Amino acid sequence: MTSLTAEDLKTRRNWQAIITVIVLLVVGFLVILPLVFLVEESLNVGDPMAFPPEAYGLKNFIAIVDEDINVLWNTLIIAVMATVMAILIGFTLAWILTRTNVPGREKLERLMELPYYMTPLVGALAWAVIAGPKSGFANQLWRAGGGSGDLVDIYTHFGIAWIMALFEGTVAFVMISASMKSMDPALEESARVMGASKLRTMLTVTLPLVMPGVLGATLFVFAEMLGSFAAALVIGIPGRIYVITTAIWDSTLAYPPDYGRASAMGLSLFVVMFLMLTFYRRMIGRGTFTTISGKAFRPRPMDMGRLAWVFFTFCLLYVLLAVVLPIAALLFTSLQRFATVILSQAEFTLANYQTALSLGPVRTAMGNSLMLGFGVASFGVLVMVILVWIIYRSQLWGRGSIEYLVMFPQAVPRLVFGLALLWAWINIPIPIYGTLWLLALAYFTVMLPLGVRTLAGVVLQIDKSLEECARVCGAGWVYQMRTVTLPLLKPGILAAWLLIFMACVRELGASVFLMGPNAKVIAPSIVNAFATSGTELTAAMALIQTFTVIVALAILFRLTRGTTKELS
Amino acid sequence: MSATRIEVKDLVIRYGDAVAVNGVSFTVDRGEHVTLLGPSGCGKTTTLRAIAGLEQPASGSIHIDGYAMYDASARKNIPTEQRGVSMVFQSYAVWPHMTVFDNVAYGLRVRKQGQAELKANAERALDLVQMRHLAERPASKLSGGQQQRVALARALAFSPTVVLFDEPLSNLDAKLRAEMRVELRELQRRLDITSVYVTHDQEEALAISDRVIVMNVGVIEQIGTPEQIYNRPRSRFVADFVGSANIIKGRLSADGLFATDGGVTLRATAAHKPHGKESEVAIRTAYIDLEARPGDNHVPGTVRQRLFHGDFVQYVIDSALGSLSVRRPPVNLLDEGAAVTLSFSSEHCVLLEA
């Protein structure tokens, strides 16, 4: 037997421990520390810029209720409206696409992913162009057709909710259709065999079984709506409709910036969202209705006859409103000198793209975003692979709490996280505030849940004995990771890389707080352009950003299709 | 050098509050092939994985060649990769991203063998399982049976002294399984390896083992050669789980005979020294004749049911012993209702430990 010397093995053995400790320390530091600063600042009732605070108190929290009650009210109204719409959209789509014989079902299902990759920011800009008062395309057409006044006005509570619902609808769809798909059709079939009618089956079997999934999705979507920022920023601020996220943003713009107030609001929002998401996890995890067996069923679709085409139209209409129309409107706008939908008045030009691409700040912002995307995705995926391995494969004590830690940023609205990081790094004597380094740290931290979830999906599919076998053959941890785990994870790693890259290029919430004069990134720059220069230039910038994301997306689809073929 | 290669002592393994293995002790000699047999959840796989270092026991010890691999009292736990054992997994665990050759050569590369030596060893292992012609094929493009062979070649390639088998044949279809059984048995003899094999298939266990260890709910029920296990089951569990047997209740009478509850007196044998509290005997269905043989226990009965299985015929016979199952060769078939005499020797009427 060729034996390995004991010393060889000792050093290899230690690597696992060393890497584990380093990764955990770094992640713990990144996730927890900003929140500590946030709590500290929210209790600061002295000079808001002083650190450490001169006096502690609850004044900031009381002020929310005293002075900003209408902000809370706006937030609630918009979130409720948006959630109801999103769930209606999601439920209808899920039901159509899993339970009926709608034509082209598989292609439609693929299409439904598209809105997810459109950013709410781009959507909000587009809908401002489509449905803004006076100059909005819809209103231009209305007046050209002889109408008077405005047909629609997006700068309302409903307008904000509408945009948020369009883009969150696909999330609701994915969640609800997952619970519909995971239901064993035999449950319904046995009701039919016992003599129940279609309707009775639906009411007594289908709905009760799908209900937890729908409730879960509602809770999740509502939490997301409370923390959503982009639409409220683009539409709400010009319309003077403030919700909690924009109010947080606004109070940091005042002079002197009221970080105490902002932190108190951010912390409150975080607590509410955290409770809702915890409740959601409980509900999903409880499994009193264990329809989710991890096995996907394809229920027998109901024959809808002519009605199938109505459903087909509904699906297309959703994609049209959420993706096609916004992109078309932006494209149309970006190609004109002054945006109009009346073709006889239109002056077509490529000047906006020229300006966008030649304007120094825009170019650097785009360059910075791409660079951050590459850097964070590449380095981040490496760390996340190790994290995923520790959580789901190692025997490490307390790995469950590590999972909790890593998933934690999901419950923190990006904007609040940005604020927390801002306050933390103003006061930590390492001068990275206002540089790309801080943005990179922030991106890495907020992308943790996304990356870890994507990779975990792949790791859990890999038969554990593939790794154990390597150990039995004599491989140490590093050797096993290098020769077995990482190669098998390759498709997952690529997918995670691209998802993180896309998310970085689109990042808005955390970036608005952390961007410095010398470290601009693209999404906040687009918002700035919308506020200060014309819609035409903004549209061009938004499309350039979207295009970058689409390219990454195309590669992603290519790769995932390639690997699914390989695995089957 | 002692003859003992593996020594497992008082092994206890817990999952949270559940005890999977509850004080298991056994030894495996050099070149011996031992099988852990039992129903699912009996702790056999957990025991095997503990020998490989893939499970962390709660207490006890595991020695290989006299070296402590795990010893709770000495707080010693050698990691898997340093134990020098090899293993064939139930799922084969053939790495799909490598070729057949790379799979087989993995253990050799880990041991930093030179190119020439590595190639020779890997090819020798591939020859053992007749897979050399597929050496360059990607492992993802193999059938189940071929993957099985690759897994076996990989486990043998680095010339391990101990090979562990975790239900290696359970994913193959019946025909292939029977073929591989023959091949495995031959390989064991040729390569002079020591092996521990886990299965829930009693036929497989009896066919390919030097000794069988029957386990149930985390403890060992009986250790013995296949013939001992079959002919002299110690407990009701072993009699039931291995082969098929009729269990008849009764009690030992003063003269050493067994008086059944139905009022029949039988001459029985015991593997152990009877202590008088025994209340059951087991009679293998295959050892009961339906014609009186001289010197046997005789009990009259009638055929209630006949089930034709092809390789054998199973009769259900009503008698003073209750209804007994009897397996006979598929010749001279008896009709339902026919009068018969149940006949079995005292050798085959085994007193079970209470």
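How many bridges join strand β18 of chain B to β19(B)? In this predicted model, in which local features need pLDDT of at least 70, side-chain atom pairs count only at pLDDT 80 or more, and totals for chains, interfaces and linings use all residues, β18 (residues 313–319) is joined to β19(B) by seven bridges, and the two strands run antiparallel. Residues are numbered from 1 along each chain as its sequence is written, while chains are lettered from A and ligands numbered from 1 in the order in which they are written.

Strands (E, at least two residues) are DSSP runs numbered from the N terminus, and two of them pair if DSSP finds at least two bridges between them. On this basis, four strands of chain B form an open antiparallel sheet in the order β19-β18-β17-β20. Because β19 (322–328) and β20 (339–344) of chain B each have a single partner strand, they stand at the edges, and one side of each is left without a neighbour in the sheet. Neighbouring strands are turned by 45° against each other on average, direction ignored, with axes being lines fitted to C-alpha atoms.

The model scores ipTM 0.81 and pTM 0.78. Chain B averages a pLDDT of 91, with 99% of the residues scoring at least 70; chain A averages 83, with 92% of the residues scoring at least 70. Where pLDDT is low, the predicted coordinates should not be read in detail.

Methods. Axes are lines fitted to C-alpha atoms, for helices over the stretch in contact, and angles run from 0 to 180 degrees between N-to-C directions. pLDDT is the predictor's confidence in each residue, from 0 to 100.
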